[in-house]
Amino acid sequence: MPGMGSPSLGSFGLAAPFYHRIAIEALILAVAAFILIAARFLLYGAAFRGAPSLAVRGGDEAGAAIRVAEPRARAVLRYGFGAFWIFDGLLQLQSSMPTSMISQVVQPIQAGQPHWLVELMQLGVGAWFRHPIWSASGVVWIQIAIGLWLLLGRDGWFARIGYLLTAGWGLFVWIFGEALGQTFGHGGSWLFGVPGGVFFYIVAALALLAPYGWWQRDRLPRWILAGIGVMLIVLGIEQALPGRGFWSFKTPAMVESMSKAAQPGIIAASLRGFHSLLGAHGGAVVNGVTVVILLVTGLSFVLRRGLRVTVVVFAVFSVLVWWLIQDFGFLGGSGTDPNSMLPELLLVIVGVLGLSQSAALETTTVRFWPQALGQAGRLLGVWIAVVALVGLVPLGFAAANTSYSAEAALASSGAPFQIDRPAAPFTLFDQSGRAVSLSQFKGKTLIITFLDPVCTDTCPLIASELRQADQQLSRTQRAHTDVIAIASNPIFHSVSAVHIFTDREGMSSLPNWYFLTSPSLKTLAATWRNYGVGVSVPQNGVMIVHPSLVYVVDSSGVERWMIPADPSYTGAVQSSFASLVDSLVKKVQ
């Protein structure tokens, strides 16, 4: 299942800044709550005491009103999916989300999807990759806001705005996060989550938008059950088709894969036991049972016959699939929701519950509320809208800002190491043959790396990234920063070699660029050792092997950061690494 893999290395480097941003946004929301309460107090003399202009009119008693009672099935739907959205928002708080959302959730489901859908999804992938922390934190607050909105919004214009936001955001996630539930991909199956859990969230939002009259016995509940029934029949027929692997290997392979995901040992053991039980022919048995249950249940829902039996059987079977095949859907450190079974079951329960209620809608006398609760509800509603904005603004920024943040480099190559040791002294020669010592850079911030002057692979990429980092500095910052490369080739290390590299890679345009070397291999080797750079010459004659490291040295000559560079041909990664170097330089200046 997408989201069930192990978090990527980069996630550990982004955890601290991600939680730092979440903490700042939580503080902003706390301040917003204080401002709302203070404004209410200043306007009406009390924080929650009712005011005549806000009193509810109508009804046969003072402070009371006649209103239509919310249908029970609708209330179950609203509260249930409100809880689901909040749970999904809390899952987005996992430390791996800034990085693993793409690598563990989105990219695995892109495989086998139509080209047009992959291209569409790449718009969201690009925005997330450019600004992973902004994107991840935005999703947290949007989904929590939607959940609170559903719990609070019973009816009225405020509730309808929430339902529209829910449907719109659900459609966005269904497309960019679930690839339309893998409906158009190869190998999709109801067992594996088709048509996607968020599809049912969208259906729920649309059902809540329907007028109360549609919840009568012959309207919306019947349509919900019939729609799910038709879907199950189609998926059952698809499940029965030969040649798709479900009669043989696919289900056992999925169970085995899920048993290896990061999760509590007792759950992994249950999946291993189930995989062992399947044996050689278990896949065919599971598929046969699945096809029969989907077809029979689907017909029962469409015809509304035998619901007492089929609903129970379908519920039990769905829970077993959720456990033994989908592995609950949210374990592993990067799961984003409980997968498809629970929201689908909730819709089924709502449909059946709606069929059992009275055909006539009831009215009830509502005593508002006490007044203090009514005013608290209004303030809470405004605050929930603020929560949604705190989520929407970062996502809008990530989509609109086409530059690449430093966090994107952390997502691709891991975190820099914070160190605190004096930079080792050296006396070498630059690309013009002038003697250069570390002492002459006193008062300057230094970017130090090690490059092979005859390398045509990774070293030019690192040079390009450092050139971008230097260009991102302001004129004042650049005047106090120098970029130093030290030759790391024990065979070709002449002044002429580093001069040719400087011209070939366009580094001569940087007045603060130094490519240092020495005619003495002994002197160079001592510098390598002092900076922890191991250099070796392969016997097969290929390019020199050396680590790709970048050091940031402060103006007092102390090494502050060591970055494990992971050069890439991808422009996005190069730009983000340049931003990372640039941000660390600014930190030490």
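The following dialogue discusses how to read several features of a predicted model.

Trainee: Which way do the side chains of strand β8 point, and are they buried or exposed?

Mentor: In strand β8, residues 513–516, Trp513 and Phe515 point one way, while Tyr514 and Leu516 point the other way. All four of these residues are buried.

Trainee: How many bridges join strand β7 to β8, and do the two run parallel or antiparallel?

Mentor: Strand β7, residues 481–487, is joined to β8 by four bridges, and the two strands run parallel. Within this pairing, Ile486 stands opposite Leu516 of β8.

Trainee: Which residues of the largest nonpolar core touch the most other members?

Mentor: This core has 93 residues, and those with the most contacts to other members are Leu77, Phe81, Trp190, Phe301 and Ile325. Helix α5, residues 132–152, gives the most to the core, with 10 residues. Another core, of 30 residues, lies apart from it; Ile462, Phe501, Ala565 and Leu584 are among its members.

Trainee: Let us turn to the cysteines. How many disulfides does the count give?

Mentor: The count is zero. A disulfide requires two cysteine sulfur atoms within 2.5 Å. For Cys455, the nearest cysteine sulfur is that of Cys459, 3.7 Å away, and Cys455 is therefore in no disulfide. Cys459 is likewise in no disulfide, its nearest cysteine sulfur being that of Cys455.

Trainee: Why do Cys455 and Cys459 count as buried?

Mentor: The term applies under 20% relative accessible area. Cys455 counts as buried because its relative accessibility is 4%, and Cys459 because its value is 0%.

Trainee: How many salt bridges does the structure hold, and which residues are linked in a network?

Mentor: The structure holds 13 salt bridges. Glu70, Arg74 and Arg78 are linked in a network. The closest N and O atoms are 2.8 Å apart between Glu70 and Arg74, and 2.7 Å apart between Glu70 and Arg78. Glu70 and Arg74 are both buried, and Arg78 is buried as well.

Trainee: Where do Lys586 and Asp582 lie?

Mentor: Both lie in helix α20, residues 571–588, four residues apart, which is about one turn of the helix. Lys586 forms a salt bridge with Asp582, with the closest N and O atoms 2.9 Å apart. Lys586 counts as partly exposed because its relative accessibility is 37%, whereas Asp582, at 6%, counts as buried.

Note on methods: Residues are numbered from 1 along each chain as its sequence is written. This is a predicted model: local features need pLDDT of at least 70, side-chain atom pairs count only at pLDDT 80 or more; totals for chains, interfaces and linings use all residues. Side-chain values use heavy atoms; hydrogens and water are left out. Buried means under 20% relative accessible area, exposed over 50%, partly exposed in between (1.4 Å probe, protein chains only). Two strands pair if DSSP finds at least two bridges between them. A nonpolar core is a set of buried Ala, Val, Leu, Ile, Met, Phe, Trp, Tyr and Cys residues joined through side-chain atoms within 4.5 Å. A salt bridge is a side-chain nitrogen of Lys or Arg within 4 Å of a carboxyl oxygen of Asp or Glu.
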